[in-house]
Amino acid sequence: MKRKLILFLILFLFFLLQTAVLPFIPALWAVPNLLLIFVVSIAFMQGTTEGMTTGFLAGLLVDLTYGRIPGFTMVVYMYLGYWNGRYARIYFDEDVKVPLLLVTVSDFVYSIIYYVAYFLLRGRTNFGGYLVGVILPEIVSTLIFTLILYHLIYRINHSMVEVEKKGKQSLWIRD
Amino acid sequence: MKRKVHISMKSNHMLAVMTIVAVGVILGVFTSSRIAEPVRSAVGSVVAPIQNGINTIGGQLSTQFSGFQNVQKLSAENKELKSQIADLKEKNNALAQSSDELTRLEKLYDLDQEYPQYAKVGAEVISKDPGNWFSTFVVNKGSDDGIKVDMNVMAQGGLIGIVTRVGKTWAQVRAIIDDDSNVSAMAASTSEPCMVTGDLLGMDEGKIKFYGLRDSDNAIIEGASIVTSNISNKYLPGLLIGYVSDISIDSNNLTKSGTIIPVASFRSLREVLILTDLKQTEENSK
């Protein structure tokens, strides 16, 4: 429970960084999708159930503050969390290669869905322009931030999982 | 001892249940916004002050950040800046010309009388849309400061957007460069109406689009100013939007379209002015 609460606080911190700090740094060409990094990382480390719950909460934060169609981000992040959670079986250490791949694919899928829902349906058919002008810059900046943040998320989550495991093994400390 | 109730459910079943919940939320919100608005407003009231605080840290951070840039980068930047200065000098000349034109037109349109008439409230931008697709932002003034939906927002002397949602301490603004934004505008010199829309793909160059402008005398040329129209039902009349950057005739041979360079720069946006006068329309005054 404690671990989940701390993870939620980190999620909230990522949300604040993504909306209130990073967009104001002029050197950054595109705002990275930190929430997606978090959802993918947690899903990859903890599996489908936690992946989709994290996705659900991340999407809820976006939808309640900036969402255009309420529930849209919630559903997309939830499915991405679930899908990434299926790869938890190949997770064993803090190697960043698989998460990088998952983040790339997830951000791409998310962007495509976003493009179709908000732009293609309004008659913006120039997909190539959006791919080069919006989607790829975002994926690149998200990947760079994955390199920085994945280890951090891993360390925090891993240390708390260890504590949880010990708590479960002990006969006395049980809640 | 407290006993814990464990609800064990397969994750794919849970996914299905949560999908139904989410779709329910979407449908519920579409059918009546009365359910969702209080929740969103409450969440906004919690989030906005935190964002406000963290944003000031972010501001300091970004100034620190630029201090760390190394000498090589600085010398490259120096070169770039020098070319920029030349560029800017040129632009300055062009702007001086258009500002002369503007002062003339302002007199013509009594803008100098109309602008100060509007009551304004200053506000600070505290957060922006989390994606790279839309240009909405939140400011740190809300209904407590008298902000209402549909109030016009200005910055750096030009129109920047319109308030779309209001909480107690925050207000959400949709910028005119937002891909979803449509502003009813007109050419300042001829008063011919046109529409100004945001364009995501033109955003990098800082340009927005306009279309549907009738200009049979070819009076509108590059540098002509575009202001908000007096027939708009949301925007106050005569607010400067920007200057025509290029213009071409449409295939229907009747109207013209092209791009505008907005007066206000969006990337560096931190402070805005909210005009607290709402446009008086028949609907509003009833």
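**Questions on a two-chain model**

Tutor: Of the 286 residues in chain B, 33% are buried. Please keep in mind throughout that this is a predicted model.

Student: Which strands of chain B make up the closed barrel, and in what order do they run?
Tutor: The barrel is closed, has six strands and is built with antiparallel pairing. From one strand to the next, the twist averages 40°.

Student: Which residue of strand 10 of chain B is the bridge partner of B:Ser225?
Tutor: Strand 9 of chain B, residues 225–228, pairs with strand 10 of chain B, residues 240–249, in the antiparallel sense over three bridges. Within this pairing B:Ile226 has B:Gly242 as its bridge partner. For B:Ser225, the partner in strand 10 of chain B is B:Tyr243.

Student: Which residue in strand 9 of chain B stands opposite B:Met186?
Tutor: Strand 9 of chain B also pairs with strand 6 of chain B, again in the antiparallel sense and over three bridges. The residue of strand 9 of chain B that stands opposite B:Met186 is B:Val227.

Student: Is B:Ser191 buried or exposed?
Tutor: B:Ser191 lies in the loop between strand 6 (182–187) and strand 7 (193–197) of chain B, and although B:Ser191 is not a glycine, its phi is positive, at about 60°. Because B:Ser191 has 12 C-beta neighbours inside 10 Å, it counts as exposed.

Student: And what of B:Asn218, is it buried or exposed?
Tutor: B:Asn218 is likewise not a glycine and has a positive phi, of about 55°, and it is placed in the loop between strand 8 (208–214) and strand 9 of chain B. Since B:Asn218 has 9 C-beta neighbours inside 10 Å, it counts as exposed.

Student: Turning to chain A, is helix 1 of chain A roughly parallel or roughly antiparallel to helix 2 of chain A?
Tutor: Helix 1 (residues 2–21) and helix 2 (residues 34–46) of chain A have axes that come within 8 Å and cross at roughly 155°. Angles over 145 degrees count as roughly antiparallel. The crossing of helix 1 of chain A with helix 2 of chain A is therefore roughly antiparallel.

Student: How many nonpolar residues are in the contact of helix 1 of chain A with helix 2 of chain A?
Tutor: Helix 1 of chain A brings A:Leu7, A:Leu11, A:Phe14, A:Phe15, A:Leu17 and A:Gln18, and these meet A:Leu34, A:Leu35, A:Phe38 and A:Ile42 in helix 2 of chain A. Sorted by class, this contact has no charged residue and one polar residue, and the number of nonpolar residues is nine.

Student: In which hand does helix 1 of chain A pass helix 3 of chain A?
Tutor: The axes of helix 1 and helix 3 (residues 48–65) of chain A come within 11 Å and cross at roughly 40°, so that these two helices are oblique to each other. A:Phe8, A:Leu11 and A:Phe15 in helix 1 of chain A meet A:Thr54, A:Leu57, A:Ala58 and A:Leu61 in helix 3 of chain A. The crossing of helix 1 of chain A past helix 3 of chain A is right-handed.

Student: Which element of chain B gives the largest share of the side that touches chain A?
Tutor: The contact takes 35 residues from chain A and 37 residues from chain B. On the side of chain B, two or more residues come from each of helix 1 (11–31), helix 2 (33–67) and strand 1 (120–128) of chain B. By class, that side has 20 nonpolar, 12 polar and five charged residues. The largest share, 15 residues, comes from helix 2 of chain B.

Note on methods
Residues are numbered from 1 along each chain as its sequence is written. Chains are lettered from A and ligands numbered from 1 in the order in which they are written. This is a predicted model: local features need pLDDT of at least 70, side-chain atom pairs count only at pLDDT 80 or more; totals for chains, interfaces and linings use all residues. Two residues are in contact if their C-beta atoms, placed from the backbone, lie within 7 Å. Helices (H or I, at least four residues) and strands (E, at least two) are DSSP runs, numbered from the N terminus. Ala, Val, Leu, Ile, Met, Phe, Trp, Tyr, Cys and Pro count as nonpolar, Asp, Glu, Lys and Arg as charged, and the others, Gly among them, as polar. Two strands pair if DSSP finds at least two bridges between them. Axes are lines fitted to C-alpha atoms, for helices over the stretch in contact, and angles run from 0 to 180 degrees between N-to-C directions. Angles under 35 degrees count as roughly parallel, over 145 as roughly antiparallel, 65 to 115 as roughly perpendicular and the rest as oblique. A residue is buried if 20 or more other C-beta atoms lie within 10 Å of its own, exposed if 12 or fewer, and partly exposed in between; C-beta atoms are placed from the backbone. A crossing is left-handed if the near helix is turned anticlockwise from the far one by less than a right angle, and right-handed if clockwise.
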